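This report examines a structure chain by chain, moving from backbone geometry to helix packing and ligand surroundings. The sequence and coordinates follow.

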Amino acid sequence: MADLSIDFCGIKSPNPFWLASAPPTNSGPQIMRAFDAGWGGAVWKTLGDPITNVTSRFWSHDYGNTRMMGLNNIELITDRPLEVNLKEMYEVKKRYPKNVVIASLMVESKANWKEIIKRAEDTGCDGLELNFGCPHGMCERGMGSAVGQEPKVLEEITRWAMEYARTPVIIKLTPNTGDINEPGEAAARGGAPALSLINTVKSLLGVDLDRMVPNPRVGNKSTNGGYCGPAVKPIALHMMSQLAKNPATRHMAISGIGGISNWRDAAEFISLGATSVQVCTAVMHYGYRIVEDMIEGLSDFLDSKNMKSVNELRGQALGAYAEWGELDLNYNLKARINPETCIGCNLCQTACMDGAHQCIFIPGHTKAEYEKAGHTHIPDSIPAVPVKAAGAIGRHLPVVDDHECVGCNLCHLVCPVPGTITMTEVPGTIGHAETWNDRVAQGRDINPGSMQSTLEKRGLVGK
Amino acid sequence: MHPLPVLPDGRLEQRFSESKPAYSQAEAVTEANRCLYCVDAPCIKACPTGIDIPTFIHKISTGNTTGAARTIFKDNVLGASCARVCPVETLCAGACVYNAWEREPIAIGRLQRFATEATLEQRPLSSLLPAKKPATGKKVAIIGAGPASIAAAGLLALEGHQAVLFERKEIPGGLNTLGIAPYKQSGNAALAEIQAVFGLGDIQLMTGVEVVAGQGGDGKVSAESLLKDFDAVFLGLGLGADSKLGVTGEQGAGVWGAVELIERIKADPTLTLAGVKRALVIGGGNTAIDVAHELKLLGIDEVAMVYRRGASAMSGYAHELASARKHGVRLIEHRAVSEFQRDAAGKVVGAKFSRTENGKPVEGGEETLSCELVALAIGQATATQVATAFTGVALDKHGNVVVDPTTHRTGNAKVWSGGDCVNGGKEVVNAVQEAKIAVRDMLRALRSEVTHG
Ligand SMILES: Cc1cc2nc3c(=O)[nH]c(=O)nc-3n(C[C@H](O)[C@H](O)[C@H](O)COP(=O)(O)OP(=O)(O)OC[C@H]3O[C@@H](n4cnc5c(N)ncnc54)[C@H](O)[C@@H]3O)c2cc1C
Ligand SMILES: Cc1cc2nc3c(=O)[nH]c(=O)nc-3n(C[C@H](O)[C@H](O)[C@H](O)COP(=O)(O)O)c2cc1C
Ligand code: SF4
Ligand code: SF4
Ligand code: SF4
């Protein structure tokens, strides 16, 4: 069995699975139940001057039958007295010395940072997470994402924290910024050894059209909130891997956060540079119990790849995350439909017709009909092979015209039967590997039909 | 280890196709994503072995198929058989919350089948269960090699005990190998599972050996010697021979006991049904439905079940009856057979019936149906007489072995029992659960016991 234990800038954790600072880490009893379920660590619900919350607080973005694909909240930091939280934190750390407890903090003045850091560390917590990410309620008060969006302020507060802290300091970043490298580099300049990201994405979840009030509704008003859950995972992966690659920040430990629901998501974050991962929405949806599958699934996955420890996985996919200009223009794919599993829904056909390159054909029509339907290139043969699936009477396998297929993946993505449309590698049209950067280097970075090439053709500019 | 027999080719069983074929990974994940991952889930409570269904289905949905198999085998070592043979419609899936919503329940059996089969193709059962404990030097005699006994043997072996199975037939597995409808599970699939369980530890199988009340020798072992030579005994005797009606013409070729006929369909390559155009099945239980369904699927033109009450009084499952009827089995209600008719050469040619009221024959309305084959599915006798040879073991008035339901220990402190011989005939999954309870108690007893014997 692979070793799942990690060393996060000096913080030892039995596994990389931590709970993010949020309702699942609101209190000591909750966190102890989570540790019993198998969570390696927990970032306590952000401490600071207790606030007053509103009712209601959350709204969900459902998609089709999927509940809570995204979750939006307008909750603030902890509403419990600081003493109560600190007492419980001490208790948790005493009873679970092997599990990681991180104090998430958010206050205003330098004096308050000094005070809260000392008091938090006196509980025996393993580290501090500075919440520079909350995008609602707190930022209007000059905290949270108001800090995360101002690299200078972020750097300064980081310096204060580094001055006072005896335990590792993690800077939690907001995604609500133009370029995540700026706050990340500011944290590095401030001397912090670690980053965590992302906090929630500023959002307005939807509108109650009968009342003409956005959701979640507080009486007859609402406000923008923070968006998280599976829907934000791609945003988080991108931002995190930017910082994992950035020479100014790549020495820092990263705790990946955003839409992680299972071992696979976690493995993806780790492969792009995370040392630990944090989870909020998936636990709010299904409970602490999901960690059993995360631990087991990750461990089996590592075994299947002959990796002895989770550390071997870290950053494995980073090298393949390149700039667009470094991609091989010769690489070529064509869609292939598996006649054994296609059920004949033709979703691939309509997607290709209206959203791609009009190269999937429904057999059994005349050339004229195909032309009328909008096909521009009609292959000589469009064989009518019946769909094999039971009950699919009179339906035929869609036919991909290789001549027009650009290998975009769209049909593969819309097909409801996984594994039915595969993208198969075929020889490229250039004949050798070539990137856009190569062309730029050789001065061939002008495509036929471009503005520049048209002007050149008309003799209006020199070559 | 004793190599297990493989059933020969040419058996009628091989002509069947599966009623619920194995899911591909894509199908399994799609179905798994439909499961709500309920808490305090009713499906778990409806599983006699208490498999954590939401957890294993969630694991399938994340691609953690191996973990799903671990979750299943933790509570049910015969989880692969159960996936194929359990009447899920009346167990887990019957309790699924989707029913309350009038939507199709989760296909729990098929998901369980996917998880167990796909995983066992990759790795041995032993790698999915806690590591085997060091040998204890203790020996347990297990009578019968049906699912109750196989489960008990596997669980005992994991604890480091030696399990010795005594099976009177040449083929192990009891009714799980020789009785399950071929469209649910083949005999060879059941044998493959036994092979997997035998990999868990020190398990020995003696086939063709009957445990008897009297003297041993010549394929017989005496109950008394087992009590003497072993630290504990488990009785997994199952049920006995098919019951008879006691009517004229019943004796002789053409009139089969249903369980015996099914065993031949599954295991005997010499059985043919050539010349049979019409078959009658007497009875209204699951065995009756199964044998009728099987005969129909084997191509017999007319297969009718004859039952002495109405369909609603049948002990067979409604979903099984509906499926048999869909394939063309007819149900004749409120009729009792009074005589089987044979021609001069002794061949069965028909049966005479009387009308019944409240299940009892009444005057008038007698009729005759032609047929070339009859299967009697009116119950099985008990096979528990041998149990009483273990001093202290008692039988109830139905002939079932009496146990303490919390421990499955019999009146003899060294003897435990479970499965059909205790519950009077339930399902494979009940046999597994009863074996689990028995083994749990047996382990306690074997631990506290100081010296051998
Ligand atoms: C036709 C039919 C179809 C069925 N279909 C299903 C189904 O679809 N799903 C389901 O879950 N259940 C089904 N069942 C029920 C299921 O098969 C039984 O509940 C289960 O096999 C009981 O297991 P057991 O170990 O108690 O007994 P058995 O399976 O009966 O095994 C007992 C074994 O002990 C041996 N034995 C008995 N006495 C001695 C002795 N003195 N010495 C040595 N060996 C001995 C027997 O030869 C036999 O091999 C079906 C049963 C029948 C008859
Ligand atoms: C209801 C709610 C409250 C949250 N409160 C905090 C908080 O107090 N401090 C903080 O740093 N992040 C807070 N977050 C953000 C989460 O810690 C996390 O960064 C974000 O939800 C993304 O992870 P997820 O997609 O797994 O939910 C909160 C999120 C939610 C949904
Ligand atoms: S989840 Fe709990 S706290 Fe929230 S509204 Fe429902 S019952 Fe109330
Ligand atoms: S989308 Fe998939 S299943 Fe549907 S027709 Fe196309 S290949 Fe077949
Ligand atoms: S009751 Fe149905 S939906 Fe709920 S966990 Fe069980 S199988 Fe899934």
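## Backbone geometry in loops of chain A

Where in chain A is the place of A:Ile198? A:Ile198 sits in the loop that runs between β10 (194–197) and β11 (201–203) of chain A. The model is a predicted one, and in it the peptide bond leading from A:Leu197 to A:Ile198 is cis, its omega being near 15°. A cis peptide bond also links A:Thr55 to A:Ser56, with omega near -5°. A:Ser56 belongs to the loop between β4 (41–43) and β5 (58–63) of chain A.

A:Met212 is not a glycine, yet its phi is positive, at about 60°. This residue is located in the loop between β12 (206–208) and β13 (213–215) of chain A. A:Met212 counts as exposed because it has 8 C-beta neighbours inside 10 Å, and the exposed class takes in residues with 12 or fewer.

## A positive phi in chain B

In chain B, a positive phi is found at B:His408, near 55°, again in a residue other than glycine. B:His408 lies in the loop between β17 (380–382) and β18 (415–417) of chain B. Is B:His408 buried or exposed? Its C-beta neighbours inside 10 Å number 27, so B:His408 counts as buried; the threshold for that class is 20 or more.

## Overall build of chain A

Chain A contains 16 helices and 20 strands. Along the principal axes, its C-alpha atoms fill a box of roughly 80 × 65 × 55 Å. The chain has 463 residues, of which 42% count as buried. When contacts in chain A between residues at least 6 apart in sequence are considered, 73% of them join residues at least 24 apart.

Helix α6 (residues 181–189) of chain A has A:Pro183, A:Gly184, A:Ala186, A:Ala187 and A:Ala188 as buried residues. Against which elements do the buried residues of α6(A) pack? Their partners in chain A are α4 (145–148), α5 (151–164), β9 (169–173), β10 and α7 (233–245). After α6(A) comes A:Gly191, which has a positive phi near 95°.

## Contact between the chains

The contact draws 13 residues from chain A and 12 residues from chain B. On the side of chain B that touches chain A, at least two residues come from each of α1 (25–32), α3 (53–61) and α4 (65–75) of chain B. The element that gives the most to this side is α3(B), with three residues. Sorted by class, the side of chain B that touches chain A comprises seven polar, four nonpolar and one charged residues.

## Helix packing in chain B

Helix α14 (286–297) of chain B packs with helix α15 (residues 318–326) of chain B at an angle of about 20°, and the two axes are 9 Å apart. Because angles under 35 degrees count as roughly parallel, α14(B) and α15(B) are roughly parallel to each other. The crossing in which α14(B) passes α15(B) is left-handed. B:Asn286, B:Ile289, B:Ala292, B:His293 and B:Lys296 of α14(B) make this contact with B:Glu320, B:Leu321, B:Ser323 and B:Ala324 of α15(B). The residues of the contact of α14(B) with α15(B) comprise four nonpolar, three polar and two charged.

Helix α13(B) packs with α14(B) at an angle of about 40°, with axes 10 Å apart. That angle makes α13(B) oblique to α14(B). Here too the crossing is left-handed, as α13(B) passes α14(B). The contact involves B:Ala258, B:Val259, B:Leu261, B:Ile262 and B:Ile265 of α13(B), together with B:Thr287, B:Ala288, B:Asp290, B:Val291 and B:Glu294 of α14(B). Seven nonpolar, one polar and two charged residues make up the contact of α13(B) with α14(B).

## Ligand surroundings

Ligand 1 is surrounded by 41 residues, the closest being B:Gly144, B:Gly146, B:Gly174, B:Gly238 and B:Gly419. Elements of chain B that give two or more residues to this shell include α9 (147–158), β2 (162–167), α13 (258–267) and α14 (286–297). The shell around ligand 1 has 22 nonpolar, 10 polar and nine charged residues.

Which residues come nearest to ligand 4? Of the 13 residues around ligand 4, the nearest are A:Cys342, A:Cys345, A:Leu347, A:Cys348 and A:Cys415. This shell divides into 10 nonpolar and three polar residues, with no charged ones.

Terms used
Residues numbered from 1 in each chain as written. Chains lettered and ligands numbered in written order. Predicted model: local features only at pLDDT ≥ 70, side-chain atom pairs only at ≥ 80, totals over all residues. Helix = DSSP H or I, 4+ residues; strand = E, 2+ residues; numbered from the N terminus. Contact = placed C-beta atoms within 7 Å. Nonpolar A, V, L, I, M, F, W, Y, C, P; charged D, E, K, R; others polar. Near = placed C-beta within 6 Å. Axes fitted to C-alpha atoms, helices over the stretch in contact; angles between N-to-C directions. Parallel < 35°, antiparallel > 145°, perpendicular 65-115°, else oblique. Left-handed = near helix turned anticlockwise from the far one by under 90°.
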